[in-house]
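Subject: Structure for your records

Hello,

I am handing over the structure we discussed.

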Amino acid sequence: MVPVPAEPVSQVVFIDDYFQVVFQDERFSFYCPVEVRSDDRRLTQGQPGFCDAAVELIGERATSVVVGKDGDLTIAFSSGAGLLARPSPLDVGPEAWQFNGLGGHIVGSAR
C-alpha cells in the first residue's frame with residue numbers, strides 16, 4: 001500500500017523523459033504515461049497544456065493514493081483533480097513509477 005503524502009504538493013519537476021511530484025519530503029517519480037484530470041479536462045503527458053496542468057497541482061493536498069490490480073496508480077487531490085499513471089510494458093522499463101518517503105520507497109512496475 002502506498003501512503004497518502006502528509007504535505008501538499010510543493011514542486012513539480014520535469015527531468016528529461018520523466019517527472020516528479022514532490023510533497024516536501026516525499027515524492028512520486030513517473031516513468032510511464034500520466035494523465036492529469038480535473039472537472040473540465042483530461043490531458044495526457046505530451047499534450048499541449050499538460051505541464052501547466054501538472055504545475056497547477058502545487059499547493060494541493062492528496063486525499064487518496066490507489067494502486068489498481070493492473071498497476072495503475074491514481075492520486076486524488078482535494079480540489080477534485082487527479083493524476084493517473086497507466087503503466088504498460090511497451091512504454092516503460094522495469095519501473096513505471098516510484099514513491100519515495102521517510103519510511104522508504106515503493107516501486108510500481110509495468111503490467
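Below are notes on the chain as a whole, followed by notes on one residue.

The model is predicted, so please read the values as computed from it.

Overall fold. The protein chain contains 1 helix and 10 strands, and their order along the sequence is β-β-β-β-β-α-β-β-β-β-β. Its radius of gyration is 13 Å, close to the 13 Å that the globule rule gives for 111 residues, so the chain is as compact as a globular protein of that length. The C-alpha trace spans about 35 × 30 × 25 Å along its principal axes. Taking contacts between residues at least 6 apart in sequence, 46% link residues at least 24 apart.

Surface and charge. Buried residues make up 42% of the 111 in the protein chain. The accessible surface is about 6100 Å², and carbon and sulfur atoms account for 49% of that. There are 8 positive and 15 negative side chains, with the centres of the two sets 7 Å apart.

Asn100. This residue sits in strand E9, which covers residues 97-101. The Asn100 side chain makes a polar contact with the side chain of Gln98, at 2.9 Å. Leaving aside residues up to four places away in sequence, Asn100 touches Asp25, Glu26, Arg27 and His105.

Regards

Conventions
Residues numbered from 1 in each chain as written. Predicted model: local features only at pLDDT ≥ 70, side-chain atom pairs only at ≥ 80, totals over all residues. Heavy atoms only, no water. Helix = DSSP H or I, 4+ residues; strand = E, 2+ residues; numbered from the N terminus. Polar contact = N/O pair within 3.5 Å; in protein donor to acceptor, adjacent residues only side chain to side chain. Contact = heavy atoms within 4.5 Å. Rg over C-alpha atoms; globule rule 2.2 N^0.38 Å. Buried < 20%, exposed > 50% of the residue type's maximum accessible area, 1.4 Å probe, protein only. Areas by Shrake-Rupley, 256 points an atom, 1.4 Å probe, with all protein chains shown as cover. Lys, Arg positive; Asp, Glu negative; His and termini not counted. Charge placed at Lys NZ, Arg CZ, Asp CG, Glu CD.
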